[in-house]
Amino acid sequence: MRTRRGLCYPRPADVCVDKLVVKTQDFARDFMGCRKRQRFSPEIAGNPDFFDLLPDDIVISIFSKLSFTARSPSDFINVLITCKRFKSLALSSVVLSKASPKMFAIKAKNWSESAHRFLKTCSDAGNVEACYTLGMIRFYCLQNRGSGASLMAKAAINSHAPALYSLAVIQFNGSGGSKNDKDLRAGVALCARAAFLGHIDALRELGHCLQDGYGVRQNIAEGRRFLVQANARELAAVLSSASASNEMTHTWLTWSPHPIPPASQRHPAIPGCPLLSDFGCNVPAPEAHPASRFLAEWYEGRGGIPGPGLRLCSHVGCGRPETRKHEFRRCSVCGAVNYCSRACQALDWKLRHKAECAAVEQWLDEEADGGHAVAGNDDVIAGS
Amino acid sequence: MLLSKNSALESKDNEIFEVEESIAIQSELIKTMTTMVNSKAYVNERNQMVPEARCRKQANYHVEQNNKIVDEELSDWESKFFEVDMDDLHELFMAANYLEIESLLNGVTKRVGDFIKACKNVEVIRQTFGINNDFAAQQEEEIRKLNSWNHI
């Protein structure tokens, strides 16, 4: 029904207008004309809003771009609360499937049924990041092993590298089951697939497996190559992100021929670390995935203890808990820390543990040649 | 430049734009019109009347520049081009939608998306776009509560 004032303009306050009418091209042209007339008629209160005249598919594409570039959940949620039309259009599967990983960066203390539902809706819409995040949360935090693993598998099938790597870790450790549920070959296969997609932790893990002949035939040279590649990729990723944000890279990126750079070289603002001790470069630690951050916060809120007699992976960026006693391996030198995987162990060694483990090495110094012991430990623990 | 065909496109307020054919064809609508009309290779062909407002001028401008500028400059140029107020953005939208120019549409949707993101909360969004809140008070309260998990 057409009136002189045109259709579907929001009347002030009360009347709830049905905005779900799909607008066609002809309508749009008529509206343009009506809109122009409206501007000059003072008796009409309440201007048509910006989105009123846009057809649904355009609004959906706006929301898709919004979700794709969202930096936090609130960017998107604000849209849902704005009005009914927004809510229904924003929850369409096209929009949700394009959402960025940052949109699922939920704080663990805010976890609730509605957050859970939101993640479920997004993963049902086909968003791979949502599948992975929800899978991790269900598997570790909510202890729902079957559902968590199947969600991660769904993401893994769509070539989501972190999901593949997480499944590999589960296979290596036999998480969620007994010691006999370990499947090393499956772990290596998943790791290889993730490494092929460029996942840095998976590359490291695969390198260590090859060096040790763990789940795969031993090939030390090949293993070493993978480890070097992991380091190179890490450096490349950091450099490309730094140049994208136009940072001064040479404040933290320093060249040092010594394996352990003196403390004075470290930039105070950025925790520089000898991440690439091979090349002597200081590089900041990689940014953790929102799912890992969630896990870390979740257990922090529970006093750092995932259960009776269970421990967390000592690498802070990982956040994984044990699912049974003595599941994780510990540092052979000091025995005070334990890790879910060799990749976490290697990373934590370089980031932090190398300095702390020194106490035990001093004890070893009395017995043997100091330099010898350090080099030996490097090989055993860091393996790179 | 080669002798490219120029199309004369007339807009609703009777302005005539001369554009190169290759540029005009970026609009899907004009492309279908030209092919349907079965044109021969002559210069200054007059297309059918395209009933459209002044915003067409902007669309043409954008398309032209698109073809001339290199990639890095293009993003700068684009961000300046889209820094217009709501009404102009709206007109650009209608133009891009009607003429079916995909690149222009992408640019405008992105811009509006960024606009929404820049709004700190729901009230600002409603103000900026003039949207009426059609939730009942109770519904709104429910939704806010349900979605409180996204707060930092």
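**Reading a helix pair**

Modeller: Helices H7(A) and H13(A) cross in a right-handed manner (the near helix is turned clockwise from the far one by less than a right angle). The model is predicted, with local features needing pLDDT of at least 70 and side-chain atom pairs 80 or more, whereas totals for chains, interfaces and linings use all residues. Residues are numbered from 1 along each chain, chains are lettered from A and ligands numbered from 1 as written, and side-chain values use heavy atoms, without hydrogens or water.

Colleague: At what angle do H7 and H13 of chain A pack?

Modeller: H7 (residues 128–141) and H13 (residues 290–300) of chain A pack at about 25 degrees, their axes 9 Å apart. H7(A) is therefore roughly parallel to H13(A) (under 35 degrees).

Colleague: Which residues make the contact?

Modeller: From H7(A) come A:Tyr132, A:Thr133, A:Met136, A:Ile137, A:Tyr140 and A:Cys141, and from H13(A) A:Ala291, A:Phe294, A:Leu295, A:Trp298 and A:Tyr299 (heavy atoms within 4.5 Å). Of these contact residues, 10 are nonpolar, one is polar and none is charged.

Colleague: Is A:Phe294 buried or exposed?

Modeller: A:Phe294, which lies in helix H13 of chain A, counts as buried because its relative accessibility is 2% (the cut-off is under 20%, with a 1.4 Å probe). Beyond neighbours within four places in sequence, A:Phe294 touches A:Ile106, A:Lys107, A:Ala108, A:Trp111, A:Ile137 and A:Cys141. A:Phe104 is 190 residues from A:Phe294 in sequence, with 9.7 Å between their C-alpha atoms.

Colleague: What share of chain A is buried?

Modeller: Of the 384 residues in chain A, 50% are buried. Among its contacts between residues at least 6 apart in sequence, 56% join residues at least 24 apart.

Conventions:
Axes are lines fitted to C-alpha atoms, for helices over the stretch in contact, and angles run from 0 to 180 degrees between N-to-C directions. Helices (H or I, at least four residues) and strands (E, at least two) are DSSP runs, numbered from the N terminus. Angles under 35 degrees count as roughly parallel, over 145 as roughly antiparallel, 65 to 115 as roughly perpendicular and the rest as oblique. Ala, Val, Leu, Ile, Met, Phe, Trp, Tyr, Cys and Pro count as nonpolar, Asp, Glu, Lys and Arg as charged, and the others, Gly among them, as polar.
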